[in-house]
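Work through the exercises below with the structure in view. Each task is followed by a solution in steps.

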Amino acid sequence: MDSDLIRRAQDGNEQALAELLKKHYSFIVKYVWKMSGDEQLAYDVTQDVLIKAIQKINQFNHRSKFSTWLIQMATHTYLDYKRKQKKKKELDEKLRKEFPHSPVSFPSDWHEVQEALWKLEDEHRIPLVLKHYYGYDYKDIAKMTKVKVGTVKSRVHYGLENLRKELRTDDR
Amino acid sequence: MTDEKTPKKLEERLQEAARHTEEQMELTEPSLSYFENLIEEQTALWYRRLWFELTCLWGMAFIFISFLIFSFFYVPLLFVFAQITSIIILIRYFYKERYEMVEMRQ
């Protein structure tokens with residue numbers, strides 16, 4: 001059980017912490033990969049999230065799921081990475097080009113949706129992924145992204161609108 | 001009516017995209033020893049940082065105490081000013097730390 005592993009990890013048991021991190025490793029990589037479309041970035045962000053989790057494991061308060069706590073850290077770490085990137089446009093181009101060469105590239109409807117999602121701005125894409133990919137409610141997303149619930153709702157709404165526009169553009 | 005139907009469909013498409021993307025992602029998951037090494041490495045780093053910070057703290061404390069002794073005997077006003085400044089800094093630090101702790105708990 002996660003809670004048992006967490007408690008042991010918080011008591012200083014390194015073996016338990018290692019098991020806990022291993023258990024959630026794929027989850028974090030997949031989340032960042034789905035959100036960014038960049039495989040390498042996903043591994044880099046995950047590495048940073050693991051380090052933060054090691055350093056802050058004692059600050060986890062058991063009120064939320066451990067995976068939610070990790071997703072929150074991953075989102076902020078990803079945004080920090082993006083902020084550090086000076087040439088934003090170049091990065092966006094890279095993200096769009098990179099994924100079709102990865103094993104996930106298949107010309108199908110879901111692939112189009114995924115591609116269109118990556119074309120959205122971070123502020124729209126992140127709440128959309130959290131809401132519709134992971135099923136978090138608005139309140140959780142607001143906590144994770146440190147914005148108000150109303151802002152999250154409007155971002156999801158406009159995100160869907162933009163996604164719809166993007167998909168129509170792709171159809172032409 | 002159409003407006004109600006379209007977003008629903010898009011949401012379904014998103015969920016499908018999530019499922020397919022998840023299935024297609026092939027990850028290379030490191031072994032348990034990788035995580036153990038990472039934890040060991042980070043713990044060692046933490047202790048090193050702690051020692052460095054403590055050394056800096058003691059060094060600073062030594063300098064300030066010397067300065068305070070000097071000012072107490074030769075410039076008493078400066079001594080009082082230093083005391084007030086340090087109290088203000090301590091109060092600000094206390095509130096900052098408390099705010100961060102509350103934020104982390106939430």
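**Exercise 1.** Determine in which hand α7(A) passes α8(A), and describe how the two helices pack.

*Solution.*
Step 1. In this predicted model, the crossing of α7(A) over α8(A) is right-handed.
Step 2. Helix α7 of chain A covers residues 122-133 and helix α8 of chain A covers residues 138-145; their axes lie 10 Å apart, at an angle of about 140°.
Step 3. Angles over 145 degrees count as roughly antiparallel and 65 to 115 as roughly perpendicular; α7(A) and α8(A) are therefore oblique to each other.
Step 4. On the α7(A) side the contact is made by A:I126, A:P127, A:L130 and A:K131, and on the α8(A) side by A:Y138, A:I141, A:M144 and A:T145.
Step 5. Sorted by class, the residues of this contact are six nonpolar, one polar and one charged.

**Exercise 2.** Describe the packing of α2(A) against α7(A).

*Solution.*
Step 1. Helix α2 of chain A spans residues 14-36; its axis and that of α7(A) come within 10 Å and cross at roughly 125°.
Step 2. The helices α2(A) and α7(A) are therefore oblique to each other.
Step 3. The crossing of α2(A) with α7(A) is right-handed.
Step 4. From α2(A), the residues A:Y31, A:K34 and A:M35 make the contact, and from α7(A), the residues A:R125, A:I126, A:V129, A:L130 and A:Y133.
Step 5. By class, these residues divide into six nonpolar, no polar and two charged.

**Exercise 3.** What is the volume of the second largest pocket, and which residues are closest to its centre?

*Solution.*
Step 1. The second largest pocket holds about 660 Å³ of space.
Step 2. It is lined by 16 residues, and those closest to its centre are B:L57, B:M60, B:F64, B:I89 and B:L90.
Step 3. In chain B, α2 (32-74) and α3 (76-105) are the elements that give two or more residues to the lining.
Step 4. By class, the lining has eleven nonpolar, three polar and two charged residues.

Definitions and conventions:
Residues are numbered from 1 along each chain as its sequence is written. Chains are lettered from A and ligands numbered from 1 in the order in which they are written. This is a predicted model: local features need pLDDT of at least 70, side-chain atom pairs count only at pLDDT 80 or more; totals for chains, interfaces and linings use all residues. Side-chain values use heavy atoms; hydrogens and water are left out. Axes are lines fitted to C-alpha atoms, for helices over the stretch in contact, and angles run from 0 to 180 degrees between N-to-C directions. Helices (H or I, at least four residues) and strands (E, at least two) are DSSP runs, numbered from the N terminus. Angles under 35 degrees count as roughly parallel, over 145 as roughly antiparallel, 65 to 115 as roughly perpendicular and the rest as oblique. A crossing is left-handed if the near helix is turned anticlockwise from the far one by less than a right angle, and right-handed if clockwise. Contact means heavy atoms within 4.5 Å. Ala, Val, Leu, Ile, Met, Phe, Trp, Tyr, Cys and Pro count as nonpolar, Asp, Glu, Lys and Arg as charged, and the others, Gly among them, as polar. On a 1 Å grid over the protein atoms alone, a cavity is a set of points where a 1.4 Å probe fits but cannot get out, and a pocket is an open set with protein on both sides within 12 Å along at least five of seven lines; lining residues have an atom within 4 Å of a point. Grid points are joined across faces, edges and corners, and a volume is the space filled by probe spheres set on the points.
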